[in-house]
Amino acid sequence: MSYLDSSAVPMPSSTPLSEPFWSGLEAGELRLQVCDNCETWRYPPTSPNCSGCLSTAVRWEKASGRGRLWSWTVIHHSYSDAFETPYLVALVELEEGPVMVSTIIGTVPTDLHCDMALELIVVNTHQGESIPMFQAVIGSQSEI
Ligand SMILES: [Zn+2]
């Protein structure tokens, strides 16, 4: 279990629509919405309607937590005193399809490459939040 001091970092807040996502992370798993009508996996849960078919019938499912690195950038200029630079922002294409904005820990940026296999790691803050981050899958050759 990893810990992060988030006292200075602005944290996302749970809403009734996103509560299952955050409670899933507290339980150590990635939960995403799935449309009951067209089976589209959805992230983020920003709308009560499916973006594919507009259905309001959604359920929450446990996602695999596996994905591939789609793209990344290293931020060197601080836009907020809350973030210590440099830091990495990554786009992770989840195995289920959605692309998630996150970061990668345990790897230096020079070792990153597109399509590298990643897996979810839930980082708990000292303030009690559970944050989704990703780490490289050890021993994989970009296969998931
Ligand atoms: Zn749908």
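Q: Which residues make up the largest nonpolar core?

A: This is a predicted model, in which local features need pLDDT of at least 70, side-chain atom pairs count only at pLDDT 80 or more, and totals for chains, interfaces and linings use all residues. Residues are numbered from 1 along each chain as its sequence is written. A nonpolar core is a set of buried Ala, Val, Leu, Ile, Met, Phe, Trp, Tyr and Cys residues joined through C-beta atoms within 7 Å, where buried means that 20 or more other C-beta atoms, placed from the backbone, lie within 10 Å of the residue's own. The largest such core has 12 residues, namely Leu30, Leu32, Ala63, Leu69, Ala90, Val92, Leu94, Ile104, Met116, Leu118, Leu120 and Phe134.

Q: Which strand gives the most to this core?

A: Strands are DSSP runs of E with at least two residues, and helices are runs of H or I with at least four, each numbered from the N terminus. At least two core residues come from each of β6 (87–94) and β8 (117–125). The greatest contribution, 3 residues, is that of β6.

Q: How many residues does each domain bring to the contact between domain 1 and domain 2?

A: The bounds, from an automatic or database domain assignment, are 13–63 for domain 1 and 64–144 for domain 2, and their centres, taken over C-alpha atoms, are 20 Å apart. With contact defined as C-beta atoms, placed from the backbone, lying within 7 Å, domain 1 brings 10 residues and domain 2 brings 11 residues.

Conventions:
Contact = placed C-beta atoms within 7 Å.
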